[in-house]
Amino acid sequence: MVADAHLGYAWAQRRRGELGPLADGGMAEKLHALLDDLAPQELVFLGDVVHAPKPAPGERALIEAVLGGLAERVPVRVVRGNHDRSFARDFPNLGLTVESEYRTGDLVAVHGDRPPAPASGHTVLGHFHPSVVVLDAAGHKQKLRVFAVSETATILPAFSPFAAGFNLRKPWPAELQAWLETKTRVRTIAVTGTRVVELPFRKA
């Protein structure tokens, strides 16, 4: 499961007047490396697979190349996020399964932009881009992407390299607390690209 890929971000921002470089941060390479490493039976995007509707030609070519290449290797499902309202209409030729949620066993996966419905089992979601700011050995601040895990839910970090992330050390919005049911302990597990480390930081 991959949350918040925001494919086409730089192209969409260029259409909005920003003059940053047209780069995607190596998204295709990273996603294919993920398939190589984990060998999943299917790949599920948990919302915000694209950054904006009505893509420009270059933006469309990039998104279709990335998703089409993945679909050649493994079935791909898209759970709609708040950035994906027009995804099925914008990319009908990809033939991907697009749905409001994904279920398997006692696990349900959603994007997370809507309040949680009462459910048994465990929920996996994205949307909040969780992160934690720490000081490195040189005294510089580093923002680490983290998985936030409680008994009821797991919130995935944003896969996009351009998603700044919500710092979990700041006051949590009510929506985030509702998903995690923060009366139970919440663990924060950081990913750096080379290491996976559980942080001593806890949300009681």
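**Figure 1. Largest nonpolar core of the predicted model.** Among the 24 residues of the largest nonpolar core, those touching the most other members are Leu7, Phe45, Val49, Leu67, Leu70 and Phe87. Two or more residues each are given to this core by α1 (9–15), α2, β1 (43–46), α3 and β2 (76–79). Helix α3 provides the largest share of the core, 5 residues. In soluble globular proteins, nonpolar side chains tend to be buried together.

**Figure 2. Surroundings of Phe45.** Leaving aside residues up to four places away in sequence, Phe45 touches Val2, Ala5, Leu31, Leu67, Leu70, Val76, Arg77, Val78 and Val79. A second, separate core, of 18 residues, includes Phe128, Val132, Val146 and Ala153.

**Figure 3. Packing of helix α2 against helix α3.** Helix α2 spans residues 27–38 and helix α3 spans residues 57–71; their axes lie 10 Å apart and form an angle of about 15°. The two helices, α2 and α3, are therefore roughly parallel, as angles under 35 degrees are counted in this way. The crossing of α2 and α3 is right-handed. From α2, the residues Ala28, Leu31, His32 and Leu35 meet Val66, Gly69 and Leu70 of α3. By class, the residues of this contact comprise 5 nonpolar, 2 polar and no charged.

**Figure 4. Proline 130 in strand β7.** Strand β7 covers residues 130–135, and Pro130 belongs to this strand. Pro130 counts as buried because its relative accessibility is 3%, and the cut-off for a buried residue is under 20%. With residues up to four places away in sequence not counted, Pro130 touches Leu144, Arg145, Val146, Ile155, Leu156, Pro157, Phe166 and Leu168. The C-alpha atom of Pro130 is separated by 25 Å from that of Val66, a residue 64 residues apart from Pro130 along the chain.

**Figure 5. Positive phi at Asp4 and His6.** Most residues other than glycine have a negative phi. Asp4, although not a glycine, has a positive phi of about 55°; His6, likewise not a glycine, has a positive phi of about 50°. Asp4 lies in the segment before α1, and His6 is also placed in the segment before α1. Asp4 counts as buried because its relative accessibility is 0%. His6, at 8% relative accessibility, therefore counts as buried too.

Definitions and conventions
Residues numbered from 1 in each chain as written. Predicted model: local features only at pLDDT ≥ 70, side-chain atom pairs only at ≥ 80, totals over all residues. Heavy atoms only, no water. Axes fitted to C-alpha atoms, helices over the stretch in contact; angles between N-to-C directions. Helix = DSSP H or I, 4+ residues; strand = E, 2+ residues; numbered from the N terminus. Parallel < 35°, antiparallel > 145°, perpendicular 65-115°, else oblique. Left-handed = near helix turned anticlockwise from the far one by under 90°. Contact = heavy atoms within 4.5 Å. Nonpolar A, V, L, I, M, F, W, Y, C, P; charged D, E, K, R; others polar. Core = buried A, V, L, I, M, F, W, Y, C linked by side-chain atoms within 4.5 Å. Buried < 20%, exposed > 50% of the residue type's maximum accessible area, 1.4 Å probe, protein only.
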